[in-house]
Amino acid sequence: MNSAQQRGKVIIAGAGPGDPDLITVKTVKALRQAQVILVDRLVSEEILANYAAPDAEIVYVGKQCRSHGTTPQATINELLVEYALLGKRVLRLKGGDVSIFSNVLDELQSLVAHEIEYEIIPGITAALGAAAYAGIPLTARQHSTAVRFLTYYTYSKLTEAYWHELAQTQDTLVFYMSSERLSEVVEKLTRHGISAEKQLAVVEQATTPLQHVQVSNLYDYEKNLGGKTFVSPSLVIIGKVVNLHEEFKWFTNNPTREYYFKPVSEQVGLVLQ
Ligand code: SAH
């Protein structure tokens with residue numbers, strides 16, 4: 001056997017947004033066969049409990065804003081390579097989908113640099129999970145013809161011209177990782193004259209039994225939701241389509257402020273140096 005054949009393989013897969021049943025059959029098969037599973041914070045514990053092999057090594061490599069115990073990306077890249085070089089079948093399990101606001105590029109670059117074989121399996125991204133479970137069709141006819149997945153996390157790079165265009169577009173806007181600075185997003189969109197017909201929905205813990213949806217007009221945001229801290233993870237949908245929530249909501253709204261996903265500091269496994 002040459003060294004290439006002794007190397008393991010890495011499967012990078014999306015686990016879906018929360019509801020453990022929203023995982024693909026292909027990812028379940030990969031989970032059953034994996035010898036090592038490197039898992040993000042936003043992956044339902046039930047998924048590992050249901051599908052991981054009993055002797056699989058589970059390594060928690062969660063990341064969380066400003067939180068103790070967050071795993072640096074470089075460590076994750078190194079671990080993937082190390083386990084693969086040991087000849088293991090490695091599964092890198094990420095929340096939602098792999099290609100939406102995940103650091104998959106860094107991981108792919110390390111794998112390619114070390115000539116490690118890999119596969120990518122898609123998952124249901126949070127925007128699509130939230131849209132379905134909140135009854136908000138993102139490109140509903142006569143409401144919107146396109147949808148954009150955005151984040152305000154990189155706020156320093158966004159120009160006023162960019163905000164003006166965002167305020168004027170008919171596209172539905174979905175903001176990931178932005179609820180902590182939502183009042184700034186709203187201030188910019190209203191300053192650039194976003195239509196008062198559009199509403200905003202904050203979907204906390206989408207698709208989980210703790211899903212909570214709150215809707216407001218952007219111009220009444222401060223009165224309705226200003227100063228609130230939203231339960232992580234949460235996603236923001238903005239557009240005319242949000243008006244459909246009232247009529248088409250079907251999933252129980254749960255205002256209990258409990259956490260579905262444990263904070264990284266409570267996840268067991270990897271001890272970081
Ligand atoms: N790759 C993931 C996104 C990772 S970025 C995906 O495709 O869904 C993390 C952000 O995703 C969170 O800050 C939040 O905005 C969003 N998110 C992930 N899961 C969510 C959930 N169950 N409910 C609401 N937002 C969620």
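1. Basis of the model. The model is predicted: local features need pLDDT of at least 70, side-chain atom pairs count only at pLDDT 80 or more, and totals for chains, interfaces and linings use all residues. Residues are numbered from 1 along each chain as its sequence is written, and side-chain values use heavy atoms, with hydrogens and water left out.

2. Surroundings of the ligand. The ligand is surrounded by 17 residues, where a residue is near if one of its heavy atoms lies within 4 Å of the molecule. The closest are P17, I100, T125, A206 and S234. The shell comprises 11 nonpolar, five polar and one charged residues. In this classification Ala, Val, Leu, Ile, Met, Phe, Trp, Tyr, Cys and Pro are nonpolar, Asp, Glu, Lys and Arg are charged, and the others, Gly among them, are polar.

3. Backbone atoms at the ligand. A backbone N or O atom of D97 is 2.8 Å from a ligand oxygen atom, and a polar backbone atom of M177 lies 2.9 Å from an oxygen atom of the ligand. For A206, a backbone N or O atom is placed 2.8 Å from a nitrogen atom of the ligand. The protein buries 90% of the 540 Å² that the ligand exposes when taken alone; accessible areas come from the Shrake-Rupley method with a 1.4 Å probe, and for residues only the protein chains shown count as cover.

4. S234. This residue belongs to strand 10 (residues 234–239); helices (H or I, at least four residues) and strands (E, at least two) are DSSP runs, numbered from the N terminus. S234 counts as buried because its relative accessibility is 11%; buried means under 20% relative accessible area, exposed over 50%, and partly exposed in between (1.4 Å probe, protein chains only). Its side chain makes a polar contact of 2.7 Å with the side chain of S179. A polar contact is a pair of N or O atoms within 3.5 Å; within protein, one must be able to donate a hydrogen and the other to accept it, and residues adjacent in sequence count only if both atoms are side-chain atoms. Apart from residues up to four places away in sequence, S234 touches M177, S179, V202, V203 and E204, contact being heavy atoms within 4.5 Å.

5. Q214. Strand 9 (residues 212–217) contains Q214, which is buried at 10% relative accessibility. The Q214 side chain makes polar contacts with the side chain of E204 at 3.2 Å and with that of K228 at 2.9 Å. Beyond four places in sequence, the contacts of Q214 are L200, A201, V202, E204, L225, K228 and F230.

6. Helix 2. The buried residues of helix 2 (residues 25–33) are T27, V28, A30 and L31. They cover an arc of only 160° around the axis, so they lie on the same side of helix 2; the arc is that of the directions from the helix axis to the C-beta atoms. The face turned away from this buried side carries the exposed residues V25, K26, K29, R32 and Q33. Cover for the buried residues of helix 2 includes strand 1 (9–14), strand 2 (36–39), helix 3 (45–51), strand 4 (89–94) and strand 5 (117–121).

7. A53. The loop between helix 3 and strand 3 (57–60) holds A53, which counts as buried at 19% relative accessibility. Neighbours within four places in sequence aside, A53 is in contact with L31, R32 and A34.

8. Helix 7. W163, L166 and A167 are the buried residues of helix 7 (residues 160–168). These residues fall within an arc of 100° when seen down the axis, and therefore line one face of helix 7. They pack against strand 6 (147–151), strand 7 (172–176) and helix 8 (182–191).

9. Backbone geometry. Most residues other than glycine have a negative phi, and most peptide bonds are trans. Q142, not a glycine, has a positive phi of about 65°; Q142 sits in the loop between helix 6 (126–134) and strand 6 and is exposed, with a relative accessible area of 69%. T207 also has a positive phi, near 70°. T207 lies in the loop between strand 8 (199–204) and strand 9 and is buried, at 2% relative accessible area. A cis peptide bond, with omega about 0°, joins S232 and P233, and P233 is located in the loop between helix 9 (221–224) and strand 10.
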